Amino acid sequence: MAAESLTFSQNHVLLDIEGTTTSISFVKDVLFPYYRENLNHYVDSHWNELEFQSDLALLKDQCALDIANNEPGVVPIDESNKNSVIQNILWQMNSNRKTPALKNLEGHMYRSGVEANELKGHVYDDVKPALARWKEKGKKLFIYSSGSVEAQKLLFGYSDFGNMLDLFDGHFDTTVGLKVEPSSYENIARTIGCSPSDVLFLTDVVKEAEAASKAGCRVIISIRPGNALLTEEEKLKFDCIQSFSQLSPIS
Ligand SMILES: CSCCC(=O)C(=O)COP(=O)(O)O
Ligand SMILES: [Mg+2]
């Protein structure tokens, strides 16, 4: 239900990135094109480095899994053929896959972009002041994104509003589980050391909200420009906000 203002009593706030703290446009129109445009050069120039070989091992494991699962359109990797590696990565990117292997590599490419001063993380204007207010009230703040923990720390460490990392008490990515699985939110609550009922999850994706709700978390849907539209039924099912300024903590 869209409301002018909402309150929350949960002591732990779990935040999605794309569509929630950060525009979908930043990920779709800046970040992902950046990865695609720099992929060939990145693979070529990092091929013999230990880190990339470790990234490649994860990609090969994921590829074997995809072949075993008859993943539609899977591009096989032949490690003696750099182009097959590049084509597999592009296939995953074009399918908007969220595999830990792809997101791990993307995080390393994000780091190269920050080091080259070519990437700065988009964060909506209302986010930083709201997070600071919630923190002052003793709330613990966490990120849960399909983007790797490394990419998360780069986005908020080098954001439009400078370094925001001191606001966060922890970061989670899909190594705890996919965002559409209730068990992922149980894993996160267990790691934090709280009950899922003491977690408020903010996300733009209804299937993620349903999974978190099934795990016992409170959920609020983020409505931002470019986000997928909610059905009338979904608007009735979930609390919604257009800005973090609409949300106030109560103890
Ligand atoms: C950490 S910036 C990269 C975001 C990303 O790769 C992604 O897929 C965002 O997904 P989210 O779960 O944050 O909506
Ligand atoms: Mg999202």
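This is a predicted model: local features need pLDDT of at least 70, side-chain atom pairs count only at pLDDT 80 or more; totals for chains, interfaces and linings use all residues.
1. Strand β2 (residues 12–15) and strand β3 (residues 140–144) pair in the parallel sense, over four bridges.

2. β2 has another partner. Four bridges join it to strand β5 (residues 199–203), and these two strands run parallel. Here Leu14 can be traced to its bridge partner in β5, Phe201.

3. Now check where the side chains of β2 go. His12 and Leu14 point one way. Val13 and Leu15 point the other way. All four of these residues are buried.

4. Move on to Asp16. Is Asp16 buried or exposed? Its relative accessibility is 3%, and buried means under 20%, so Asp16 counts as buried. Glu18 is another case: its relative accessibility is 24%, so Glu18 counts as partly exposed.

5. A polar side-chain atom of Asp16 lies 2.8 Å from an oxygen atom of ligand 1. For Ile17, a backbone N or O atom lies 3.3 Å from an oxygen atom of ligand 1. Ser145 uses an N or O atom in its side chain, 2.7 Å from an oxygen atom of ligand 1. How much of ligand 1 does the protein cover? On its own, ligand 1 has 410 Å² of accessible area, and the protein covers 98% of that.

6. Last, look at Gly121. Gly121 sits in the loop between α4 (100–115) and α5 (127–136). Its relative accessible area is 0%, so Gly121 is buried. Which residues does Gly121 touch, leaving out those up to four places away in sequence? They are Phe26, Tyr110, Leu155, Tyr158, Ser159 and Asp160. Compare sequence and space for Gly121 and Tyr34: they are 87 residues apart in sequence, and their C-alpha atoms are 13 Å apart.

Technical notes. Residues are numbered from 1 along each chain as its sequence is written. Chains are lettered from A and ligands numbered from 1 in the order in which they are written. Side-chain values use heavy atoms; hydrogens and water are left out. Buried means under 20% relative accessible area, exposed over 50%, partly exposed in between (1.4 Å probe, protein chains only). Contact means heavy atoms within 4.5 Å. Two strands pair if DSSP finds at least two bridges between them. A polar contact is a pair of N or O atoms within 3.5 Å; within protein, one must be able to donate a hydrogen and the other to accept it, and residues adjacent in sequence count only if both atoms are side-chain atoms. Accessible areas come from the Shrake-Rupley method with a 1.4 Å probe; for residues, only the protein chains shown count as cover.
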